[in-house]
Structures are given as C-alpha cells and as structure tokens.
Amino acid sequence: MYIPMIDLRLMVDSIPFLLTGLPYTIGISVLTFLIGNMLGIILTMLGMLPSKIVKGFVRFYISFLRGVPGLVLLFLLYFGLPYQLNALTAACICFSLTSSAFIAEIYRGSIAGVDAGQWDAAYALGLPFRRVMRKIILPQAFRISIPALGNVAMDLLKGTSLAAMITIPDIFQKAKIVGGRTFDYMSMYILVAVMYWLLCIGIGWGQNRLEQYYAKRYEGKSSIRI
C-alpha cells in the first residue's frame, strides 16, 4: 500500500511563493464581507417594509443565493454572461452576493432578538424610525450577531479558494502551481490548509475581542445611548 509522504522542505521553501497570493485571499475576503454587510443591512431594511412585492423580492433573493452553490454562481458570472467579466470582478460580485444573503438573515434574526421594550421606549420618545434603527436597534442587533458574522467571515475566507478556479492567483492557486510543478499535491494542500486555518484563527481572535469590547462597553446598561 502506497502512503504519500510529506515533503517538509518543499513546504517551507514554498511559503514565500504562497504568501504572494495572500493579498488576493485577504483582499477579496475583506472587500466582499464589507459589501455583503452593506447589502445585508439593506435587504433586512427592505424586508421590514409593508410592500408585499418588496418582501417577495427579498425572500426570493435570499432563498436563491443561499441555495445556489458558490462555484455555480461564480462560473455563471465568469463564463455564462454575454460580456466577459474580469476574474477578480466576477469573484468579488459572487462572494458579495452570496454573503449578503446569509448576513441579511443574521441581521433579521438579531433585530428580532432585540427586546421589544426598546422599540416601545424609542417610539414613546417620538423618535423617527430611521433614528430608532441607527441609534438603538442596529447597535444591539450587531452585538447579538457577532458570533454568526464571525462564522460568515470564516466561510467567506475559505470560500475564496474557489476563485482559483477562474485563475485568481490566491494562495490556493499558488499551491496548485507548486503541486503541479513538483507532483507533490499532498504537501502543498496540507500547507495551504494550515494557512487557511491560521487565518481563521485570526478571525476568531478578532471576533472574541469584539465580543469582549461590547460586553465591557454595555455592561450594566439596558439600552443604547440616544
């Protein structure tokens, strides 16, 4: 029975080359996470409108993008459109749209988790809906949603490896290049797996710090300052 061996020297020597793809991996992840958050908030707000047409569109958007595999959407944007999109543009659009659907559901659930008394107190003071959302509800909803948003950020980071399928030179694409040149995919895929793991540890650390910050900031407070 053949047992594949791991070439530690190759892994160490390949780290600098793989790191040249790190700006693409991190850049795409950060940009699409920010865009996904903005779109997710907009979708959440639209879903709260009384219009059945708007609510129907939001439900369809979320259902479709949560149900379609990211690779299918990526290929659709890159190969299926009448006009050829730049690979980086196609990847950013794909991951932004996909993440926005999940983030919209996170914010919807987080807003529903805010105590109803917060709404009643705000409206009793005569505050308009926009200010109620911006100053009172959304800050509390964001605090509730931090763990779930952390999971989305990790999934998004790992999902950017799909961009290698359309020639984006991220760390996974770099690992494929070295593996193809040396015929040692085992070592390279283990190396890139460790790199993704370390990046996810960084996201987890940031999530914990953010949770601690909000816990200290609002310790003993029952509401957000208006």
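In the predicted model, Ser 187 has a relative accessibility of 0% and therefore counts as buried, the cut-off for that class being under 20%. Ser 187 belongs to helix 9, which comprises residues 185-217. When residues up to four places away in sequence are set aside, the contacts of Ser 187 are with Met 5, Ile 6, Asp 7 and Met 11.

Helix 9 also takes part in a contact with helix 7, which comprises residues 129-159. A pair of packed helices is described by the angle between the two axes and by the distance between them. For helix 7 and helix 9, the axes approach to within 10 Å and the crossing angle is roughly 170°. Since angles over 145 degrees fall in the antiparallel class, helix 7 and helix 9 are therefore roughly antiparallel to each other. On the side of helix 7, the contact is formed by Phe 142, Arg 143, Ile 146, Pro 147, Gly 150, Asn 151, Ala 153, Met 154, Leu 157 and Lys 158. The residues of helix 9 that they meet are Tyr 196, Leu 199, Cys 200, Ile 203, Gly 204, Gln 207, Leu 210, Glu 211, Tyr 214 and Ala 215. Classified by residue type, the contact of helix 7 with helix 9 contains 13 nonpolar, four polar and three charged residues.

Two loop residues carry a positive phi without being glycine. One of them is Thr 167, with a phi of about 70°, and it lies in the loop between helix 7 and helix 8 (171-182). Thr 167 has a relative accessibility of 53% and so counts as exposed, for which the threshold is over 50%. Phe 183, which is likewise not a glycine, has a positive phi of about 60°. Its place is the loop between helix 8 and helix 9. With a relative accessibility of 72%, Phe 183 is also classed as exposed.

Leu 76 is situated in helix 4, which covers residues 70-80. The relative accessible area of Leu 76 is 46%, so this residue is partly exposed. Leu 76 and Cys 94 are 18 residues apart along the chain, and 9.2 Å separates their C-alpha atoms.

At the level of the whole protein chain, the model contains nine helices and zero strands. The order of elements from the N terminus is accordingly written α-α-α-α-α-α-α-α-α. The C-alpha trace spans about 70 × 45 × 35 Å along its principal axes. Of the 226 residues in the protein chain, 39% are buried. The accessible surface of the chain amounts to about 13,200 Å², and carbon and sulfur atoms account for 67% of this area. Among contacts between residues at least 6 apart in sequence, 76% connect residues that are at least 24 apart.

An unreviewed UniProt entry annotates residues 22-204 as "domain: ABC transmembrane type-1". Over this range, the chain is 83% helix and 0% strand.

Definitions and conventions
Residues are numbered from 1 along each chain as its sequence is written. This is a predicted model: local features need pLDDT of at least 70, side-chain atom pairs count only at pLDDT 80 or more; totals for chains, interfaces and linings use all residues. Side-chain values use heavy atoms; hydrogens and water are left out. Axes are lines fitted to C-alpha atoms, for helices over the stretch in contact, and angles run from 0 to 180 degrees between N-to-C directions. Helices (H or I, at least four residues) and strands (E, at least two) are DSSP runs, numbered from the N terminus. Angles under 35 degrees count as roughly parallel, over 145 as roughly antiparallel, 65 to 115 as roughly perpendicular and the rest as oblique. Contact means heavy atoms within 4.5 Å. Ala, Val, Leu, Ile, Met, Phe, Trp, Tyr, Cys and Pro count as nonpolar, Asp, Glu, Lys and Arg as charged, and the others, Gly among them, as polar. Buried means under 20% relative accessible area, exposed over 50%, partly exposed in between (1.4 Å probe, protein chains only). UniProt positions are given in the numbering used here, feature names are shortened, and annotations may be inferred rather than shown by experiment. Accessible areas come from the Shrake-Rupley method with a 1.4 Å probe; for residues, only the protein chains shown count as cover.
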